[in-house]
Amino acid sequence: MNLSNIINEIAKTDDEFFEKTSQRRDVIRKITRTAALTALPLALGGMFQKAYGKTTDVIIDTLNFALALEHLEAEFYKMVITTSSALVQATGGTAALNALTTIRDHEIAHVNFLTTAIQGAGGVAALKGNYDFTAGGTFADVFTNYDTLLAVAQAFEDTGVRAYKGQAGNLMGNNDILTAALNIHSVEARHASHIRQMRKARGASVKPWITLNQSGIASTAVQPIYNGEENTLQATLQITGINGTAVNANAASEAFDEPLDKAAVLAIVDPFIL
Amino acid sequence: MKEELLHGHAATAHGADPGLSRRKFFGITGGLVAASFLVDACKKKDDSGINLGSGDIGILNYAYALEQLEAAFYTQVAATPYSGITANETALLTDIRDHEVAHREFFKSALGSNAIPALSVDFSSITFSSRDSVLAAAKAFEDLGVSAYNGAGKLLVSPDYLLLAGKIVSVEARHAAYIRDIISAGTFADSSVIDANGLDKSRTPQEVLAIAGTYVKSKLNASNLPTS
């Protein structure tokens, strides 16, 4: 089952769940929501009550999309630590293992946070799927070759940054949830920066930021993750050489990360989803 | 650019009639916000300093002020590199300077006649010849910038501006992680900035400006910025 199917299933469930004409369902919904809120810490509970507005469906769909990506990332790093710790330790050392463990823990925390947020708003949270981290053989040695492992990690992190950026507008109806999503977005960017430094240390031609549309990864399969990042035009202003400065095209492209819409992100992650 | 910075001085950007500003201010806040905020606002009801303005323009000016600070800082770092700087650090700190200059000039052009003037900076607390001092300041600026954009997102009305802020904040986060890692490897997202839910920090403009104030000579007036 691919990710788009999972999300479509959730959307259907949500519609049914929020059926306003059924009194019985309405009561069930209220009870479920009350129970969920009772179990939550005070601050979080407040957030979810505010989330319950006319745009709740959009917010839940958006959070579920984010959650599906977080599941993918969390399961990837769990596999890394479970199956490739010795490889990471032997090739990258303790620092590398610690960094990947830190990132794993953040992705698990994101999964838990988003799951709670969605349930608290009365939605049905996406479950983790089944994944093929070789992407159908494109990254066949992902768990046995440290460099492939880091390349896939970079691909996921840079995709995550673009995906959250593309969805921020959909969360504008709720300040607390928007802020939470932004607070996740910048963590993904910190991860991306660190993974890129790890790859640089292994000889890859990458910087912590994205130059033009360069992936720094040998496989062309990751190119859609970087297409569009070469943009140097922001709000109709040309950033290259702006106001007579020496900002060149590389710096202009690096200075602004670009969003991806849902369809583009789904196409990127689809090969990793069974 | 340094000359441009020196021209910045404490001036009221919009030269608005103070009485009108106060009336507008109370018109907006009346009865809508917590008492503690009003008490705080009353304490600084003067319209002195550089007025960032209100609404989305105010938030963009707030971002412009922070980018001016960062650009000035990295321009100085590049001009007077700390002792023992490596070739790789030189290259990447120069990149960061260019990114911050790009951000600053972007806001300046985007704001046009609504832009606040160039700010006077005060980096007297930073020893530019010292790696530790420079990187500690860089870390503070980058983490502050990330939290500022994260906190400002909800204050924006225009989805286009929200997206632009999003395009910039992730670059600031990439900078922050890099600076943290060259200070102490592996601290790119440690528990001093990321909480148990895996969330980065967000700060209100008031919190950010209180911290940034150490480095800005010009007084910034944020009293008309949106608060929700």
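Me: Leaving aside neighbours within four places in sequence, which residues is Thr134(A) in contact with?
Reply: In this predicted model, Thr134(A) belongs to the loop between H4 and helix H5 (146-167) of chain A. Once its neighbours within four places in sequence are left aside, the contacts of Thr134(A) are Phe139(A), Ala140(A) and Val142(A).

Me: Is Thr134(A) buried, partly exposed or exposed?
Reply: A residue is buried with 20 or more other C-beta atoms within 10 Å of its own, and exposed with 12 or fewer. Thr134(A) has 16 such atoms, which places the residue in between, so Thr134(A) is partly exposed.

Me: How far apart in space are Thr134(A) and Leu149(A), C-alpha to C-alpha?
Reply: In sequence, 15 residues separate Thr134(A) and Leu149(A). From C-alpha to C-alpha, their separation in space is 9.7 Å.

Me: What distance separates the end C-alpha atoms of H5(A), and how many of its residues are buried?
Reply: H5(A) has 22 residues, which at 1.5 Å a residue should span 32 Å; the end C-alpha atoms agree with this, being 32 Å apart. The helix is largely enclosed by the rest of the structure, because its buried residues number 21 of the 22.

Me: Is Leu212(A) buried, partly exposed or exposed?
Reply: Leu212(A) sits in the loop between helix H6 (175-201) and helix H7 (223-226) of chain A. Although not a glycine, Leu212(A) has a positive phi of about 45°. There are 14 C-beta neighbours inside 10 Å, and Leu212(A) therefore counts as partly exposed.

Me: Where does Thr236(A) lie, and is Thr236(A) buried or exposed?
Reply: Thr236(A) is found in the loop between strand E1 (233-234) and strand E2 (237-238) of chain A. Its phi is positive, near 70°, in a residue other than glycine. As Thr236(A) has 7 C-beta neighbours inside 10 Å, the residue counts as exposed.

Me: Which helix gives the most to the side of chain B that touches chain A?
Reply: The contact takes 49 residues from chain A and 44 residues from chain B. On the chain B side, helix H5 (87-111), helix H6 (131-152) and helix H7 (159-183) each supply at least two residues. The helix giving the most, with 16 residues, is H7(B).

How values were computed: Residues are numbered from 1 along each chain as its sequence is written. Chains are lettered from A and ligands numbered from 1 in the order in which they are written. This is a predicted model: local features need pLDDT of at least 70, side-chain atom pairs count only at pLDDT 80 or more; totals for chains, interfaces and linings use all residues. Two residues are in contact if their C-beta atoms, placed from the backbone, lie within 7 Å. Helices (H or I, at least four residues) and strands (E, at least two) are DSSP runs, numbered from the N terminus. The expected span of a helix is 1.5 Å times one less than its number of residues.
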